[in-house]
Amino acid sequence: MSSLADERALTFSLQRMLYLPDDGLDGDGQRIFLFPAWPRQWDVSFKFLAQNQTSVQGELVGGKLQSLIVTPESRRKDVINLLKSDDEKRNLLAGRAGREL
């Protein structure tokens, strides 16, 4: 039987695989990175609260984002889907870090 601490650690790990907030160090702190480490073959329905009173809800099926609802809608432009090719992902993250990966 797992402890509450183990369950919290697992929940935190899964959250970070699904969603990574922009830390603001290299950007404006507004971006929301989806699927930074999520395996493409894992289907998932998700809903979470992000920075700046933003709600993000969606569904990934068969490696494709089937739905994405961002509230308020004006924040949708800040959501970056990292479930792309490895080269595209590296380029996006390199831009976040301000250097080549």
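Two strands count as paired if DSSP finds at least two bridges between them. Helices (H or I, at least four residues) and strands (E, at least two) are DSSP runs, numbered from the N terminus. This is a predicted model, in which local features need pLDDT of at least 70 and side-chain atom pairs count only at pLDDT 80 or more, whereas totals for chains, interfaces and linings use all residues. Residues are numbered from 1 along each chain as its sequence is written, and side-chain values use heavy atoms, with hydrogens and water left out.

**View A. Strands β4 and β5 are joined by 7 bridges.** Strand β4 covers residues 54–61 and runs antiparallel to β5. Within this pairing, Ser-55 has Thr-71 of β5 as its bridge partner.

**View B. An open sheet is formed by 3 strands.** Their order is β3-β4-β5, with antiparallel pairing. Because β3 (44–50) and β5 (64–71) each have a single partner strand, they stand at the edges, and one side of each lacks a neighbour in the sheet.

**View C. Trp-38 and Trp-42 form an edge-to-face pair.** Rings of Phe, Tyr and Trp (its six-membered ring) pair if their centres lie within 6.5 Å; planes under 30 degrees apart are stacked, over 60 edge-to-face, and the rest tilted. The search of the whole structure finds 4 aromatic pairs. In this one, the ring centres are 5.4 Å apart and the planes stand at 90°.

**View D. Phe-46 and Phe-48 form a stacked pair.** Their ring centres are 6.0 Å apart, with planes at 25°. Together with Tyr-19 and Phe-35, Phe-46 and Phe-48 form one aromatic cluster.
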